[in-house]
Amino acid sequence: MPSLLRVDDVTVAFGGRKALDGAGLLAERGQVTGLIGPNGAGKSTLFDVVCGLRRPQSGQVLLDGRDVTRSSPTRRARYGLARTFQRLELFGRLSVRDNLLVGAELGSGRRRAGQIADELLERLELTGVAGDVADTLPTGSARLVEVGRALAAQPALLLLDEPAAGQDSEETERFASLLRAVAAEGTAVVLVEHDMSLVMSVCDQVYVLDLGKIISSGPPDVIRRDETVLAAYLGEA
Ligand SMILES: Nc1ncnc2c1ncn2[C@@H]1O[C@H](COP(=O)(O)OP(=O)(O)OP(=O)(O)O)[C@@H](O)[C@H]1O
Ligand SMILES: [Mg+2]
């Protein structure tokens, strides 16, 4: 079986500067794959390439063995891709439940949407704020709603861009078990996150991006001790 996501040798340049320079990675069903790296490394740009918001100058994106490099974001969503954004992109004036409904209708149509939304509200412990307007939520819960909207589409591949930013430590701990559970159901999760303890505790594999190139990859235990990775982060400071 091919990897659910395969990114090969992707290059994206903004003007003369390469935000991605031959980057690639694999994400497998049932696993959480981490993508880490200093600010400006190219993580969000890689997500944009995977979901179809940005066309790379070269390289390929394969979903379940299918070349989608030139497919629209809508088509990729139909193939089972969902994502969240680093800068929250909730429907701010809709309620929490309606935000989840939008995701659920994308994934399974109207008929089951209500049921899916309500199950997710419970799973994410958002039932208490189901009727609240999204804009009024603190960042931590707003991020959870965005994850909920993505999950409501019942994705095969879930891309999360800094989902724990703004969560307190208790929220982050609950979020870690949610991610493990989602992966255990067979979803391929790709996690971009600066919270290293979250990354190291939930990821099966970690890729390290620096200046647009993957400089290291492997299980958390290996990445934690990798000199190249430490140097990249020290260079940032
Ligand atoms: N639309 C754009 N136009 C020009 N340059 C861009 C654009 N988007 C990103 N860049 C540049 O590309 C590089 C990679 O940015 P990207 O946002 O992908 O990094 P990142 O790893 O997600 O960083 P962070 O951890 O801060 O979110 C940066 O140098 C950034 O300034
Ligand atoms: Mg980013």
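Predicted model: local features only at pLDDT ≥ 70, side-chain atom pairs only at ≥ 80, totals over all residues.
I'll begin with the metal.

Which residues coordinate the magnesium ion, ligand 2? Ser44 does, through OG, and Gln86 does, through OE1, at 2.1 Å. Now look at where those two residues sit. Serine 44 belongs to helix H1, residues 43–51. Glutamine 86 is in the loop between strand S6 (81–83) and helix H3 (96–108). The pair therefore ties together parts that are 42 residues apart in sequence. Serine 44 is partly exposed, at 23% relative accessible area. Glutamine 86 is partly exposed too, at 35%.

Stay with H1 for a moment. This helix lies across S1, S2 and strand S4 (58–63). The angle between H1 and S1 is about 115 degrees.

That brings us to the open sheet. There are 4 strands, in the order S2-S1-S4-S5, and the pairing is antiparallel. Which strands stand at the edges? Strand S2 (17–27) and strand S5 (66–67) do. Each has a single partner strand, so one side of each is left without a neighbour in the sheet. Strand S1, residues 5–14, pairs with S2 over 8 bridges. As an example, arginine 6 is opposite leucine 26 in S2.

Next, strand S7, residues 157–161. Is it buried or exposed? Of its 5 residues, 5 are buried. In a regular strand, side chains alternate between the two faces of the sheet. Here, Leu157, Leu159 and Asp161 are on one side. Leu158 and Leu160 are on the other. Both faces are covered.

S6 runs parallel to S7, joined to it by 3 bridges. There, arginine 83 stands opposite leucine 159. S7 also pairs with strand S8, residues 188–192, in the parallel sense, over 5 bridges. Aspartate 161 has valine 192 in S8 as its bridge partner.

Now to charges. Side chains of opposite charge can pair when their charged atoms come close. How many salt bridges does the model have? The count is 13. Let me pick out a few.

Take arginine 83 and aspartate 161. Their side chains meet in a salt bridge at 4.0 Å, N to O. One is in S6 and the other in S7, so the pair ties together parts 78 residues apart in sequence. Both arginine 83 and aspartate 161 are buried.

Helix H6, residues 169–184, holds another pair: arginine 174 and glutamate 170, 4 residues apart, or about one helical turn. Their closest N and O atoms are 3.7 Å apart. Arginine 174 is partly exposed, at 36%. Glutamate 170 is exposed, at 55%.

H6 also contains arginine 180. The side chain of arginine 180 forms a salt bridge with that of aspartate 204, at 3.3 Å. Aspartate 204 is in the loop between helix H7 (196–202) and S9, and the two residues are 24 apart. Both are partly exposed: arginine 180 at 30%, aspartate 204 at 27%. Elsewhere, salt bridges that share partners join Lys18, Asp21 and Lys213 into one network.

Terms used:
Residues numbered from 1 in each chain as written. Chains lettered and ligands numbered in written order. Heavy atoms only, no water. Donors = N, O, S within 2.8 Å, 3.2 Å for Na, K, Ca; no water. Buried < 20%, exposed > 50% of the residue type's maximum accessible area, 1.4 Å probe, protein only. Pairing = 2+ DSSP bridges. Contact = heavy atoms within 4.5 Å. Axes fitted to C-alpha atoms, helices over the stretch in contact; angles between N-to-C directions.
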